[in-house]
Amino acid sequence: MVQKKNTLTRTGIVALLACVCCILWGSAIPVIKTGYRLMEVDAADTASQIVFAGVRFTLAGLLVLIFASIREKKVLITDRTILKYAVPVCLAQTVGQYFFFYIGVAHTSGVKGGIITGLGNFIAILMACLIVRNERMTGRKMAGFAGVVVINLMGKSLDMGFTLTGEGFILISQVAYGISTILINIYSKKVSPVVLSGTQFTMGGVVLILIGIGMGGHFGNITAVGVVIIFYLAMVSAVAYTLWSVLLAWNDVSKVAIFGFVNPLCSVILSALILGEVKQAFNTGSLVALLLVCAGIYIVNCKAKQKN
């Protein structure tokens, strides 16, 4: 157990695993938008977007539990103790975060979505300072939000460049992400982070499916490629969030989240390549916004690290 702890707290290992997570997450937005197009999920069809998310996360949760059972060579069954911690994580992450995230993705570009998503780690650090460390907040810690301002001023006015159901919903989803990060950091020290991840994904996915179907959601066109995309997205969640949960179980939030700046970088690059948003990804405004978001996250984490 000691050897495992030493390995998972080494900066090089944390950096490698965290970057793998961010690369996977960075591919999510362009792949989701591609999945919407292939399965004929309209940008205005909120119910079907929620069903899409629900199927993804239910499958992701089951995959995590299956892989964990194979590794442990026994069937891992969720008990009352796991449920006690999985329910609040599920409400914050899978239900809260992705209810808003999937709707927001449909109403904004992959580039803008990727940049705003980069604030998730920044928000998590601010919450960690307030809830866990009670660290004093300064004006410098708000630097990351400048990226959101810049990217939306590109529309020459906040009304033109910012919508509640687009960029607003993605921003709300990142607040939910920040809450779930704190919860995972705390709960993963009490129960298996892998079982916690698999359980909350499965529960949250089922809830999202029921909500979506209840609202009249459905897939307009189910194709082999569409199924592959959902399976890929499920694997992204299963692998990335499980790795992230394990890292949070053995390290402080600041030490893990410092590498989260890779997420918006990957999102912007992959959106440019997959969705053809090259001009939006590599114009001056987007690059400045991206740098500001990354700088804000870096500043917060460096200051938190110095106090440890």
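This note goes through a predicted model point by point, from the whole chain to single residues.

1. Basis of the values. Because the model is predicted, local features are reported only at pLDDT of at least 70 and side-chain atom pairs only at pLDDT 80 or more, whereas totals for chains, interfaces and linings use all residues. Residues are numbered from 1 along each chain as its sequence is written, and side-chain values use heavy atoms, with hydrogens and water left out.

2. Overall make-up. The chain has 16 helices and zero strands, where helices (H or I, at least four residues) and strands (E, at least two) are DSSP runs numbered from the N terminus. Of its 308 residues, 55% count as buried; buried stands for under 20% relative accessible area, exposed for over 50%, and partly exposed for what lies in between, with a 1.4 Å probe and protein chains only. The chain exposes about 13,200 Å², of which carbon and sulfur atoms supply 70%; accessible areas come from the Shrake-Rupley method with a 1.4 Å probe, and for residues only the protein chains shown count as cover. Among contacts (heavy atoms within 4.5 Å) with a separation of 6 or more, 88% are between residues 24 or more positions apart.

3. Leaving out residues up to four places away in sequence, Trp-25 touches Val-236, Ala-240, Tyr-241, Trp-244, Asn-263 and Ser-267. In soluble globular proteins, nonpolar side chains tend to be buried together.

4. Leu-62, Ile-66, Phe-67 and Ile-70 make a nonpolar surface patch of about 390 Å². Patches are made of residues with over 30% relative accessible area and no salt bridge, like charges being joined within 9 Å and nonpolar side chains (Val, Leu, Ile, Met, Phe, Trp, Tyr) within 5 Å; a salt bridge is a side-chain nitrogen of Lys or Arg within 4 Å of a carboxyl oxygen of Asp or Glu. Phe-67, which lies in helix 4 (residues 46-72), is partly exposed, with a relative accessible area of 43%.

5. Cysteines. With a disulfide taken as a pair of cysteine sulfur atoms within 2.5 Å, the count comes to zero. Cys-21 is in no disulfide, and the nearest cysteine sulfur, that of Cys-22, is 6.6 Å away; the sulfur of Cys-22 is in turn 6.2 Å from its closest cysteine sulfur, in Cys-19, which is too far for a bond. Cys-21 is buried at a relative accessible area of 0%, and Cys-22 also counts as buried, at 0%.

6. Tyr-85 lies in helix 5 (residues 80-106) and counts as buried at 12% relative accessibility. Beyond its neighbours up to four places away in sequence, Tyr-85 touches Tyr-187, Lys-190, Val-191 and Leu-196, and its C-alpha atom is separated by 8.8 Å from that of Gln-200, 115 residues apart along the chain.

7. Two loop residues. Thr-108, found in the loop between helix 5 and helix 6 (110-117), is buried with a relative accessible area of 9%, and, not counting residues up to four places away in sequence, touches Lys-33, Gly-113, Gly-166, Glu-167 and Ile-170. Glu-40 is found in the loop between helix 3 (28-38) and helix 4, and its phi is near 55 degrees, a positive value in a residue other than glycine. Most residues other than glycine have a negative phi.

8. Lys-255 lies in helix 13 (residues 253-257) and counts as partly exposed at 28% relative accessibility. Leaving aside neighbours within four places in sequence, Lys-255 is in contact with Thr-9, Arg-10, Thr-11 and Val-14; Lys-255 and Ala-15 are 240 residues apart in sequence and 9.2 Å apart in space, C-alpha to C-alpha.
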